[in-house]
Amino acid sequence: MVKIYLSPALHGTDNPTKCPGKCSENTHCAQYMDIVERRLKEIGFTVRRAGNATGNTAMNARVREANLWRADIYYVAHTNAGGGRYSMTMCWDDEASRKKAEILHKYRQSVDRHIVRTNTELYEIRATKALCLYDELFFHDNAEDCAWFHNGGMQQMAEETVQALCEIGGLPYRPAASEEEAADGPKSYRLFSVPLYASSSALRAAATVTGTYYRWDDRVLRGRVRITNSPDNIEKPGQVTGWVDAEAVM
């Protein structure tokens with residue numbers, strides 16, 4: 001069995017964010033890791049997650065626990081600050097680690113820019129015996145990106161991470177089961193790397209989407225339909241995520 005140790009951000013002095021509502025780096029990293037943990041277990045990984053203690057002493061204890069447990073993969077999730085607008089995965093500076101980080105890069109399609117960097121100074125990267133992948137998911141001092149993360153972006157990034165870890169760990173990926181629909185509610189669709197178009201007539205996809213989406217309306221034009229990421233946005237002007245091929249949401 002492939003063993004994955006999960007280490008969400010647990011700063012001794014938590015970092016404030018520009019997220020909507022009451023939040024912090026520790027808070028939304030824990031929420032994100034809840035999704036990753038659940039999905040990895042559904043697929044068949046053996047998962048252990050760091051406890052709730054915070055600070056450097058707790059960080060040292062996490063690495064020690066993962067090493068004693070003989071984890072195969074040590075996955076860290078933080079969010080960044082400093083005015084940037086990109087997502088980043090860090091790893092140890094060797095060929096094997098870089099190749100695995102590039103797999104995560106391949107799946108990180110929900111953001112405009114994702115980069116891979118080596119790092120030999122961060123304690124969790126240099127002290128763990130397992131492959132360490134250390135994510136800085138987005139910049140939490142950017143209000144627009146914070147809003148995106150808390151409005152479906154978190155789920156998209158978590159699913160991308162699960163897809164990457166399946167390839168790295170050699171386990172077949174299985175999409176999450178659709179959530180049970182409310183009897184009188186709009187139907188939701190689980191999309192995975194589906195081409196997203198800016199219009200019904202666009203020749204090339206502008207991006208791909210992964211996550212839970214809804215049809216914005218019932219109209220089919222040139223074989224495509226409009227989607228949105230919340231049932232509250234259906235038929236509301238300005239709340240269209242984009243166009244997808246109709247067969248993706250039939």
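How many residues has helix α2, and how far does it reach from its first C-alpha to its last? I found 14 residues (56-69) and a reach of 20 Å, close to the 20 Å expected at 1.5 Å a residue; the expected span is 1.5 Å times one less than the number of residues. Helices (H or I, at least four residues) and strands (E, at least two) are DSSP runs, numbered from the N terminus.

I noted that this is a predicted model, in which local features need pLDDT of at least 70 and side-chain atom pairs count only at pLDDT 80 or more, while totals for chains, interfaces and linings use all residues. Residues are numbered from 1 along each chain as its sequence is written, and side-chain values use heavy atoms, with hydrogens and water left out.

I then looked up burial in α2. A58, M59, R62, V63, A66, N67 and W69 are buried (under 20% relative accessible area; exposed is over 50%, partly exposed in between; 1.4 Å probe, protein chains only). These residues pack against β1, β2 (46-49), β3 and α4 (123-127), contact being heavy atoms within 4.5 Å. Just after α2, R70 takes a positive phi of about 60°.

Next I searched for salt bridges (a side-chain nitrogen of Lys or Arg within 4 Å of a carboxyl oxygen of Asp or Glu). The whole structure holds 18 of them. D135 and R108 meet in one at 2.8 Å, N to O. D135 lies in strand β6 and R108 in the loop between α3 and β5 (114-118), so the pair ties together parts 27 residues apart in sequence. Both D135 and R108 are buried. I also recorded a network of salt bridges linking R38, R39, E42, E159 and R190.
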